[in-house]
Amino acid sequence: MNARRLAARLSAALVAAYALLPLLWLTRLAVTPENEIHRWPPTLLPAMFTLGHFGDILGDALFWRQMGNSLFVCLLATALALALGALGAYGLARHRFRWRDGLLIGFLAIHLAPGVASMASVYRLAEQLHALNSLWLVALLKSGGVTLAVWILIATFRQVPERLEQAAQLDGFTRLQALRRVTLPLAGPGLLTAGLLLFIQSWNTFFLPFLLLEDPRKMTLTVGLYRYFSEHGFEQGHVAAFMTLSILPVVALFLAFRQRLWRDLEI
Amino acid sequence: MKRGFPAAYLLPALALTAIVWLLPLLYAVGLACTDAAPGASGRWLGATNFLRALGDARFGHALLTGLLYAGGAVILNVGAGLLLALALRRAARARAIAQTLLLLPWVLAELAVALIWRGFLAEDGGWINLMIGKLGGAALPWRTDPFLAMLALWIATLWQGLAFSTLLQMAGVGALPEHHLHAAKLDGASRWLIFRAIVWPHQRRVIAVNALLVFLFSLTSFALPFALTGGGPLFATEVPALYAYQTAFAGRFELGYAAAQGMILLVGCALLIAVLLRLRRRAA
Amino acid sequence: MSDFALQLRRVTRRFGEVTAVAALDLHLRPGELLALVGPSGSGKSTALQLIAGLLEPDDGEIVLKGRDLRGLPPGQRDVAMVFQDGALYPHLTVAENLGFPLRARGKWGQKAVRRMAERLEIAALLDRRPAQLSGGERQRVALGRALIRHPDLFLLDEPLSSLDLPLRDRMRTLIRELVEETGVTAIYVTHDQAEAMAVGDRLAVMNQGAIVQCGTPEEIYRRPANTFVACFFGSPPMNLLPARLERGTAAGDWGKVENLVGDDGDVLLGFRPEDATLPDDGPLRGTLERVDFFGHERIAAVRLGEHPLRLRVGNAHALPAPHSAVGLTIDPARLLIFDAATRERRS
């Protein structure tokens, strides 16, 4: 029995190391002075410590501009996808019609379609609309997450009993007021989960904005990270600091809501 | 439950979906039949681009590479996800820790994952090679050995995707018939027999859905191979999305031909999606 | 102007091929508590939703206190409803649930909420949420939420069916008291015939989308309009014996009963379990098959020819052993005569 316990502990430690070590490596890199990084022979832990890399990145106006671009794109795309997705999911949850199941499956299928299929045409369309380097266009394209929103929220709305909406209408509210006072608060947790997922997804998107945004001042932070890596690849400490800062918003969101995400995703 | 098509609710979402997803796809069909380039609409070529793809050895190689990458990713992700789900089934405390540990890589950008592993595996300063060095081994050439480059892709994919597969498998494992397991143990069945006779039949469909999803995502993935290996060494990790990108934007600027490659990929994926949806429907 | 608080005239509602409510007529006097009763699927819940405005009728009119309700949204009908599961808002406290209809009318009404809570003996629960309440407490909140705004009409859709039996008695009494105190006109839907008789001033019996009979509990029980009503009410239900009626004598393969009034023809004779005397040296001879003991009474299963009967027997009488022959007498004054073909009561 003891041998089995030991084996279990060991494999748990291995999984934990696998999950954590790359992140520890990144953190170490970000706080090590550049000349220490290249010291030979290399060491697992740094002999010196600095926050200078973070200071350099945070003092860079371009970083802040790209952070702002990312926020703009993500908030706009998430709001649009969530609003229209909630509306559509509510309609699907409360109505029965001939093509309902087909439509639902269509939403899921479209969501799974590969982005590379429309890579060239999206670029060419943007070019013809004179919308290269347009954050509005990127936000619009990312609001395509509406298909995911519909798929998640239909389950949410099915869990809110129609009976409660009827009760609220009998109590004297209009249909819209009943939605606002009863359905929306009860669907709140589901809306939050969907919103979080949409936001994280938009924040992390690379392919699309990488194709469409060529002007560094228009880039989102994830594209900016790649550009910084390409141009400053030898300043590993700075790249690590940039990367840490660029993933910080989603990591913070995740840590704040991890219980909810884990529970709601366990379908 | 009301009857009839709820147009007021559904039309906005449908319109957005049409503009953002369907319009570019339809446009891509047209584009695939031209020799368009950035800044030029090009001439109508008919099916030439599609025929060209069929005879293009590099495209065929990219497809095979994509299949190899996706197949390996499926085996690793689904296998590890199932094992972890089974291991965490009864361990509530370990599950709480696993939640945080596993989901953390999952929320990171694919690009960040690629760059992290690129550095972590690097020949100078990467911790893996450092540790091998401490143990007296020779550094592993992750970026110059074809197999090691593919292995790097698999390791990074598993690192990011483990949470997803584990979550999916847990949903099924949570519903394992407890009394069957007890009965089998009392009957003296071995672990392998218990897995084959009880876990596998019960979990089969979840495994299939999980496998198809991982396969779809990996087959068409771009950011991870782009930033981790760049398709190299030589073409060892050039997956279809990378080749299409190279065709359209890196030196050749053949948007039409890239669109045709995308269309072929889309048809393949559509078949997989159809299988997936059929599985889902039967599960429901 | 009629004396009725609520009138339904020829109200019809179809779902595709199925007609759920067919040409329904219903009239309620002010302050009356009408029990709408019928088996499941008889259309009573649909009727209630039509009155509440949760469904629109295909045909017919609904008039409440002189107002035509057709086309009005539920919120403007001044109709309150208690659902089977209470339909409390899970994200609101008891106080907020009670005050919800007042808020819809732009009032706060904290005093009214407190007064209602005290009347319903739930004042201590005002800060709780529905998930922390027992089933009975939940239905009290639902009652309070419905009545707090003094509606013109009060609808109850199987309000007690999710409660335990002992609790049902107390809640039924509470509902009757509340309706009397507030003077509200109310419709109480249930599938339980005993509950309907206990709660209603009048009963309306529904079957297959139509009202079969309307009347006081006594009328329904004593003079059912047809064999459906006769067998739906009472436990055990009314006994029915097929017979041929000729010149005042009804005879069948089970024996005969004399001194009846009515035209000749094929009939069904109906009598309640308590309307026969057993044991007796009367003309009818049957076999006593089984006796079930219920404390305050016994129910005897008797076979008369091929026909099984259920008869109520007091505890005082001594009964012969099971499977032995027994004599019985049916009280001709209490006997009802139904037409064998139409199943309607003849007299």
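Colleague: How far apart do the closest C-alpha atoms of chain B and chain C lie, and are the two chains joined or not joined by a contact?

Modeller: The closest C-alpha atoms of chain B and chain C lie 10 Å apart, and no contact joins these chains. A contact needs the C-beta atoms of two residues, placed from the backbone, to lie within 7 Å. This is a predicted model, in which local features need pLDDT of at least 70 and side-chain atom pairs count only at pLDDT 80 or more, while totals for chains, interfaces and linings use all residues. Residues are numbered from 1 along each chain as its sequence is written, and chains are lettered from A and ligands numbered from 1 in the order in which they are written.

Colleague: Which chains share the most contacts?

Modeller: Two pairs of chains are in contact, and chains A and B share the most contacts. On that interface, 67 residues of chain B meet 69 residues of chain A. H1(B) gives the most to chain B's side, with 13 residues. That side has 55 nonpolar, nine polar and three charged residues.

Colleague: What makes a residue nonpolar, polar or charged here?

Modeller: Ala, Val, Leu, Ile, Met, Phe, Trp, Tyr, Cys and Pro count as nonpolar, Asp, Glu, Lys and Arg as charged, and the others, including Gly, as polar. Chain C's contact with chain A can be sorted in the same terms. That contact takes 17 residues from chain C and 13 from chain A. Strand E6 (79–82) and helix H2 (94–104) of chain C each supply at least two residues to chain C's side. By class, that side has 14 nonpolar, two polar and one charged residues.

Colleague: What makes H5(B) and H7(B) oblique to each other?

Modeller: Helix H5 (residues 110–120) and helix H7 (residues 146–173) of chain B also pack at about 130 degrees, with their axes 10 Å apart. They are therefore oblique to each other. Their crossing is right-handed. B:Val113, B:Ala114 and B:Trp117 of H5(B) meet B:Ala152, B:Ile155, B:Ala156, B:Trp159 and B:Gln160 of H7(B). This contact has seven nonpolar residues, one polar and no charged.

Colleague: How many helices and strands does chain B have?

Modeller: Chain B has twelve helices and one strand. Helices (H or I, at least four residues) and strands (E, at least two) are DSSP runs numbered from the N terminus. Along its principal axes, the C-alpha trace of chain B spans about 75 × 70 × 35 Å. Among its contacts between residues at least 6 apart in sequence, 70% join residues at least 24 apart. Of its 284 residues, 45% count as buried.

Colleague: How do you know whether A:Leu26 is buried or exposed?

Modeller: A residue is buried with 20 or more other C-beta atoms within 10 Å of its own, exposed with 12 or fewer, and partly exposed in between. A:Leu26 has 20 within that distance, so this residue is buried. A:Leu26 belongs to helix H1 (residues 2–30) of chain A. Leaving aside residues up to four places away in sequence, A:Leu26 touches A:Ala240, A:Met243, A:Thr244 and B:Ile116. Its C-alpha atom is 8.3 Å from that of A:Ala241, 215 residues away along the chain.

Colleague: Why are the buried residues of H3(C) said to line one face of the helix?

Modeller: The buried residues of helix H3 (residues 110–119) of chain C are C:Val113, C:Met116 and C:Ala117. Seen down the axis, they fall within an arc of 100 degrees, so they line one face. They pack against H2 and helix H4 (135–147) of chain C. The face turned away from the buried side carries the exposed residues C:Lys111 and C:Glu118. Just after H3(C), C:Glu121 takes a positive phi of about 60 degrees.

Methods: Arc of directions from axis to C-beta. Axes fitted to C-alpha atoms, helices over the stretch in contact; angles between N-to-C directions. Parallel < 35°, antiparallel > 145°, perpendicular 65-115°, else oblique. Left-handed = near helix turned anticlockwise from the far one by under 90°.
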